Amino acid sequence: MLKILIPTLFLLPTTWLTSSKWLWPTALTQSMLIALGSITWLNNTTDTGWTALNSYIGTDPLSTPLLVLSCWLLPLMLLASQNHLSSEPMNRQRMYITLLATLQLFLILAFGATEMIMFYVMFEATLIPTLLVITRWGNQTERLNAGTYFLFYTLAGSLPLLVALLMLQNNTGTLSLLIIPYAKPLLLMPFGSKIWWAACMIAFLVKMPLYGMHLWLPKAHVEAPVAGSMVLAAVLLKLGGYGMMRLMIVLDPLSKEMVYPFIVLALWGVIMTGSICLRQTDLKSLIAYSSVSHMGLVAGGILIQTPWGFTGALILMIAHGLASSALFCLANTNYERTHSRTMLLARGLQIALPLMTTWWFIASLANLALPPLPNLMGELMILTSLFNWSAWTLILTGIGTLITAAYSLYMFLMSQRGPLPQHMLALPPSYTREHLLMALHLIPLLLIILKPTLLWGWFAC
Amino acid sequence: MNPFILSILLLSLGLGTTLTFASSHWLLAWMGLEISTLAIIPLMSQHHHPRAVEATTKYFITQAAAAALILFASTTNAWITGQWDINFDLHFFPASMLTMALALKMGLAPVHFWLPEVLQGLDLTTGLILSTWQKLAPFILMCQIMPVNSSLITFLGVTSTLVGGWGGLNQTQLRKILAYSSIAHLGWMILVMQFNQQLALLALIIYIPMTFSTFMIFKTNSSTTVNTLAASWAKTPALTAITPMILLSLGGLPPLSGFMPKWMILQELTKQDIPLTASIAALSALLSLYFYLRVSYAMTLTISPNNLNATTPWRLQTTASTLPLAISATISAMLLPLAPATLALLSL
């Protein structure tokens with residue numbers, strides 16, 4: 001673990017000490033090497049399940065895919081931000097990279113934490129660099145409101161989580177993830193335990209986000225600069241899913257009744273946010289609501305607490321992370337050329353930027369869960385486990401899948417096909433950097449088709 | 001001010017607090033409180049500005065009333081129990097009176113109304129002394145009379161955190177914001193004081209560098225309103241980058257040091273089986289966080305190339321040493337990994 005943590009930590013002196021000519025190449029190279037090094041974590045062969053274990057951090061089949069995803073994302077974020085930051089003074093550019101690197105550090109520590117309080121501290125710690133990236137480097141005045149919503153929604157959910165974790169520590173005597181599965185059953189009170197269950201889960205449900213508590217997400221995703229949107233969509237939402245999966249083990253047998261309203265909300269949210277996507281005029285807002293929709297399905301898969309549900313949730317989280325981040329990068333390529341997110345103003349781009357259309361096509365197909373992409377595997381497993389629980393959920397999930405396909409197709413057709421607007425006269429052609437960025441997003445997604453068991457989590461035996 | 005006068009006043013201030021720390025007799029403790037009150041009065045009104053004189057008068061009246069109440073309570077206790085020793089438990093009725101009197105001295109809700117107005121009338125240095133040094137003596141006395149009236153103390157604590165949060169929401173004057181921040185933090189300290197005095201001391205020890213840093217940052221920028229802070233990026237760019245960390249630490253966000261007392265206090269409250277109080281206190285911290293966030297928005301997160309929010313002032317080089325600020329800012333932002341060592345130092 002230190003082989004990855006120390007280079008990440010030392011990315012901070014790297015950004016401040018390299019000369020301005022070599023800043024971006026050096027930062028990019030270092031983060032890419034870290035990402036390639038992190039792939040070795042996928043080798044989970046120990047009997048106990050925990051690899052690279054020491055007193056504070058460890059990895060297990062649940063956290064390694066998410067860790068690799070977060071490490072993989074940093075070079076991609078740097079690639080994406082290079083253009084829009086090039087006009088800023090050097091110190092601001094260094095500050096931006098520093099914020100992204102500290103965010104990376106906190107994410108690695110969060111996913112690798114073996115003790116719940118360490119996970120909690122790192123979970124909250126990720127809020128600060130993200131807040132600074134959104135509110136300082138976002139482009140519109142609404143970014144201040146977006147930052148406030150982001151911070152306060154997450155904190156309002158997670159402060160009760162802190163109290164709930166401390167109560168759990170009181171009850172079982174430990175909060176170590178290694179010991180908690182074997183701890184004795186909890187002393188439950190009739191009503192207070194239900195509130196305790198809710199306090200444990202609400203923080204992660206807000207983060208995922210669950211449909212009723214999702215208002216922060218469109219604001220934050222839209223107002224953030226591209227690196228902020230990427231990391232939010234790809235990794236920070238998954239922190240919520242990861243936390244839920246870790247805590248679910250402890251929360252039996254309360255979960256049997258308590259999950260009902262949340263599963264209903266999640267599935268209804270899939271349909272509602274999908275429908276909203278069909279009416280969006282803002283491209284980033286569409287992708288943001290699509291994130292809510294997919295994560296609603298993930299929430300359903302986790303709350304159902306079956307092996308297929310957990311596996312499907314994990315695969316969908318990784319696949320959605322890569323696909324959603326790719327879509328935000330594509331939206332950013334539009335934004336950098338037209339300085340507008342309105343879809344009407346940037347349509348028919350196949351004529352102007354034909355090579356980008358390939359990436360738009362693949363990313364849209366990934367979003368609508370085309371076989372054999374892992375998005376479909378995740379969705380199908382969650383669908384099946386929900387159907388096993390109750391046949392009626394098939395109506396909701398089926399309509400949800402249909403609507404997902406509809407808005408993904410809508411997004412592709414609106415942005416790529418059709419007539420080019422007459423005011424688009426001088427669009428710079430697609431840079432190699434942008435092609436590299438899209439390739440680095442989508443090629444891993446395609447490679448996962450060949451070995452999805454890497455992402456199956458605990459049940460990959 | 002004449003350096004001899006200044007040194008007499010500052011030394012008397014130190015004497016008063018030290019006397020209260022060292023005393024085991026209620027009269028001596030009261031005397032220490034009175035000496036520190038009398039010593040700070042000339043410091044507050046040194047600028048002879050009507051607003052400063054008004055603040056001094058309000059401070060004197062409230063502190064004198066509190067001190068008289070302390071005297072009365074300790075006398076009543078001596079009458080009932082027959083001894084003046086602080087170490088012996090107090091009878092219920094004088095204990096409650098004493099708690100309210102010390103709350104008035106410190107500025108806890110619901111007797112906090114004097115604090116914002118007094119702090120607003122002072123210059124930043126004297127305000128710093130009021131917010132940090134003057135809290136020590138009543139705090140120590142409060143620690144020593146625990147725990148007699150549990151519900152009163154919990155009520156003081158929760159009300160203070162809520163009032164500290166809500167009261168600061170509509171403020172644009174930085175000193176009033178710091179006053180409400182002080183009320184909220186003292187509320188947290190009081191909540192845990194009845195269970196574990198060392199944790200209350202930890203909260204105070206973390207609170208003091210944070211407040212010191214904030215006052216010093218405002219002093220370096222010579223700004224007393226949120227609007228004037230908006231020009232600080234031109235005056236002190238490095239400080240502009242650090243201030244959000246200090247402010248978010250005041251708000252209690254991990255991984256900054258301000259999280260340490262909140263976490264420990266929540267843990268203690270949960271161990272004592274009052275998780276509901278813990279949750280209410282935790283959520284009230286969100287209110288305070290809102291106005292700290294707003295100050296950091298105005299100061300750091302809306303700097304150029306966005307539109308300027310303030311007219312740029314004269315940029316005069318500061319001759320004061322920035323080393324104390326550097327030390328306290330580092331402590332306020334980066335002490336959380338050293339939490340076990342800090343707790344061990346307080347013999348927890």
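In this predicted model, the side chains of Asp60(A) and Arg246(A) are joined by a salt bridge, with an N to O distance of 2.7 Å. The two partners come from distant parts of the chain, 186 residues apart: Asp60(A) belongs to the loop between α3 (23–38) and α4 (63–85) of chain A, whereas Arg246(A) sits in helix α11 (residues 226–251) of chain A. Both Asp60(A) and Arg246(A) are buried. Over all chains, the count of salt bridges comes to seven.

Another of these pairs lies between sequence neighbours. Arg433(A) forms a salt bridge with Glu434(A), and the closest N and O atoms are 3.9 Å apart. That distance still qualifies because the limit for a salt bridge is 4 Å. Arg433(A) has a relative accessible area of 17% and is therefore buried; Glu434(A), at 2%, is buried as well.

Lys58(B) and Glu54(B) form a salt bridge in which the closest N and O atoms are 2.8 Å apart. Why can these two side chains face one another? Lys58(B) and Glu54(B) are four residues apart in helix α3 (residues 50–81) of chain B, so about one helical turn separates them. In general, an α-helix has 3.6 residues a turn, and residues three or four places apart therefore point the same way. Both partners are partly exposed: Lys58(B) has a relative accessible area of 25%, and Glu54(B) has a relative accessibility of 35%.

Attention now turns to helix α17 of chain A. This helix covers residues 374–389, which makes 16 residues, and spans 23 Å from its first C-alpha to its last, close to the 22 Å expected at 1.5 Å a residue. The buried residues of α17(A) are Pro374(A), Asn375(A), Gly378(A), Glu379(A), Met381(A), Ile382(A), Leu383(A), Ser385(A) and Leu386(A). Their packing partners in chain A are α12 (255–277), α13 (283–303), α14 (307–338), α16 (354–367), α18 (393–416) and α19 (432–448).

The loop between α13 and α14 of chain A holds Thr306(A). With a relative accessible area of 24%, Thr306(A) is partly exposed. Thr306(A) and Trp389(A) are 83 residues apart in sequence, yet their C-alpha atoms are 9.5 Å apart in space.

Helix α14(A) also contributes to a pocket. The second largest pocket contains about 470 Å³ of space. Of the 22 residues that line this pocket, those closest to its centre are His84(A), Trp137(A), Asn139(A), Tyr335(A) and His339(A). Two or more lining residues come from each of α4, α7 (127–137), α10 (216–223) and α14 of chain A. Among the contributors to the lining of the second largest pocket, α14(A) gives the most, with three residues.

Finally, an annotation can be set beside the model. In an unreviewed entry, UniProt lists residues 1–110 of chain A as "domain: NADH:ubiquinone oxidoreductase chain 4 N-terminal". In the model, residues 1–110 of chain A are 68% helix and 0% strand, and the end C-alpha atoms of this span lie 12 Å apart.

Note on methods. Residues numbered from 1 in each chain as written. Chains lettered and ligands numbered in written order. Predicted model: local features only at pLDDT ≥ 70, side-chain atom pairs only at ≥ 80, totals over all residues. Heavy atoms only, no water. Expected span 1.5 Å × (residues − 1). Buried < 20%, exposed > 50% of the residue type's maximum accessible area, 1.4 Å probe, protein only. Contact = heavy atoms within 4.5 Å. UniProt positions renumbered as here; feature names shortened; annotations may be inferred. 1 Å grid on protein atoms, 1.4 Å probe; cavity = no way out; pocket = protein on both sides within 12 Å on 5 of 7 lines; lining within 4 Å. Points joined across faces, edges and corners; volume = space filled by probe spheres on them.
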